[in-house]
Amino acid sequence: MENQSPEPVAEETSFLSSVDLFLFSIISGVLIYWFFFRKKKEEIPEFKKISTVAPSTRETSFIEKMKKTGKNIVVFYGSQTGTAEEFANRLSKDAHRYGMRGMAADPEEYDMAELSRLSEIDNSFAIFCMATYGEGDPTDNAQDFYDWLQETDTDLSGVSYTVFGLGNKTYEHYNAMGKYVDKRLEELGAQRIFDLGMGDDDGNLEEDFVSWREQFWPAVCEHFGVEATGEESSIRQYELVVHTDVNMNKVYTGEMGRLKSFETQKPPFDAKNPFLASVTVNRKLNRGGSRHLMHLELDITGSKIRYESGDHVAVYPVNNAAIVNKIGEILGVDLDTVISLNNLDEESNKKHPFPCPTSYRTALTHYLDISNPPRTNVLYELAQYATDPKDQETLRKMASSSPEGKALYHQWVPDARRNIVAILEDMPSLRPPLDHLCELMPRLQARYYSIASSSKVHSNSVHICAVVVEYETKTGRINKGVATNWLKNKVVTDNGHKSTVPMYVRKSQFRLPFKASNPVIMIGPGTGIAPFIGFIQERGWLKEQGKEVGETVLYYGCRHKNEDFLYQEELEAFEKAGVITQLNVAFSRDQDQKVYVQHLLKANKEHLWKLIHHENAHIYICGDARNMARDVQNTFYEIVTELGSMTHTQAVDYIKKLMTKGRYSQDVWS
């Protein structure tokens, strides 16, 4: 939703005479011609084979690529955090076991209108691993594909497909993207060869995927009349190259895209080119309790980064050095060895699993997720390196789809929160080569935080509010959240150097109403207060500009008033200035009976109903999706049922309509 009306066009054209316009046209034409002519001259010739394909020469036809490389299965992924991409890679590797050849593909890199040509390849089909992001949205890399599906009327008859969706049941729009792609492809005439699979990240996404995949391949064999080759051996995707004599200026040290991008920073800044923002403030927000809640301010001066209240800041964290060193120690490897992992499929767009050449230390520190419990495919591939047959059997069993295997995996890995270090420590016979481990570990992902400031007030800084994650596992180990512990240690100046954080801004749909006169109802317990600090700052700024600002109502919740009432001084000052028209705070543990935000909502039901039903109020909810957001939504159903004299079904429909109109928005996480 755009909040800015287009700027009026300055009426200067009348001052230009027709001669001026004529000359201007000729000059423009010459410039345009020269620009395109020059571009043509600079094209990289075909025969020049470079390790990283320049975007201008990249093959945008996946059909031509499949024909050239003898592939008959294409697995597209819509991935925000890397899981769908990981699943796509696993499915494309699976194909080999059935005498087929698969390739994983990012829909952003290809012309998806080519889908209609898939039938040109014998025994071909497309798999779509589609994650749903936020409020039922496509992931960033699947946005263009989604737009194309909505607009196209291409005939896809003759195209075989299947879809596996990745979602989270605690969200309103569970697996919306997977469901949409599955339905839309059928509408366009494509043939579904296996039922839509739905993974639930609130339950066990890995288990859902393994169960679906287990039934999927036999169905494919039946459809195409092929049999499994019985090859269950591990298939390496990358080969190791150790660099003994390499110019260290050509070695990646943590950059996400362009080499030396952290030394010479060039806008625009995005996921592949983050901006190194200096930390100007890092303070503890809570006055007591066992947790550490923090407020950080990142300086974006000179970056040309723009943001609006409600946007997210993505930060690239760094793994704990102690865990990295432990891996090197257990596997007996010099972590400063400079390596490259090169794709054995020379035609693949993905030349390396992470930026190469680099050292093992950099890969384990900046590029690989070594803190989360590994998925079953990692255990399956590592099993071959266990010298104790019992360990080998245990690992293979955990990677199987048998009920005992699933239960064992669940109990031993995710439930016990065992990361790769814990697995290596608890299985002394398992000593895989580090290069294969690096190939198997997923990429370390950026972490998203709701921005806790308004650019109208803080145009050159982005504020973060977060709680440091630290807990004891069932095995007695202390696990620490990667990003929050790294951010906690970002002191403003470190030995005279400014602390920096690689970051970029991700646009969000979580937006203040276009008309400032509309009332807003904000509900955000704990760190869910973050985007509302930005909203309140903006409403205050609008008021100062003399705009008519509607009621600004906040429902905030924390444990104890004297311990973790975040931003108490600021909020009370805003209330005193009349920017916040009603500040409702629930202190859940300051009395015998627990009080949460939904209890306060019920207590103020008449006022809320008046704002929603008669005054066009916008409702915003930020925080935990699993409990709080659901409880709050149920409370609104009750209020609407009672005060709107409706049935429960009508009340649910009423809230759904508000969501459709953008008047009930959620920024939640599980």
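This is a predicted model: local features need pLDDT of at least 70, side-chain atom pairs count only at pLDDT 80 or more; totals for chains, interfaces and linings use all residues.
Visitor: How many aromatic pairs does a search of the whole structure find?
Guide: The search finds 30. Rings of Phe, Tyr and Trp (its six-membered ring) pair if their centres lie within 6.5 Å. Planes under 30 degrees apart count as stacked, over 60 as edge-to-face and the rest as tilted.

Visitor: Why is the pair of Phe 76 and Phe 128 called stacked?
Guide: The centres are 5.5 Å apart, and the planes are at 25°. The limits are within 6.5 Å and under 30 degrees, so the pair counts as stacked. Phe 76 lies in strand β1 (residues 73–78) and Phe 128 in strand β3 (residues 125–133), so the pair ties together parts 52 residues apart in sequence. Strands here are DSSP runs of E, at least two residues, and helices are runs of H or I, at least four, numbered from the N terminus.

Visitor: What makes the pair of Phe 87 and Phe 164 edge-to-face?
Guide: The angle between the planes is 65°. Edge-to-face needs over 60, so the name applies. The centre-to-centre value is 6.1 Å. Phe 87 is in helix α3 (residues 83–94) and Phe 164 in strand β5 (residues 160–167), 77 residues apart.

Visitor: Why does Phe 87 count as buried?
Guide: Its relative accessibility is 0%. Buried means under 20% relative accessible area, exposed over 50%, partly exposed in between (1.4 Å probe, protein chains only). Phe 87 therefore counts as buried. Phe 164, also at 0%, counts as buried. Both belong to one aromatic cluster, whose members include Tyr 98, Trp 212 and Phe 224.

Visitor: How do you know that the charged end of Arg 418 sits over the ring of Trp 412?
Guide: The charged end is 4.0 Å from the ring centre. The rule asks for NZ of Lys or CZ of Arg within 6 Å of the ring centre and within 35 degrees of the ring normal. Lys 456 lies over the face of Trp 541, at 5.8 Å from the ring centre.

Visitor: Why is strand β10 described as largely enclosed by the rest of the structure?
Guide: Of the 7 residues of β10 (residues 293–299), 6 are buried, so the strand is largely enclosed. Strand β9 (residues 275–284) pairs with β10 over 6 bridges. Strand β15 (residues 461–467) pairs with β10 over 7 bridges. Both pairings are antiparallel.

Visitor: Which residues of helix α19 are buried?
Guide: In α19 (residues 605–615) they are His 607, Leu 608, Trp 609, Leu 611 and Ile 612. Asn 616 follows α19, and its phi is positive, near 65°.

Methods
Residues are numbered from 1 along each chain as its sequence is written. Side-chain values use heavy atoms; hydrogens and water are left out. Two strands pair if DSSP finds at least two bridges between them.
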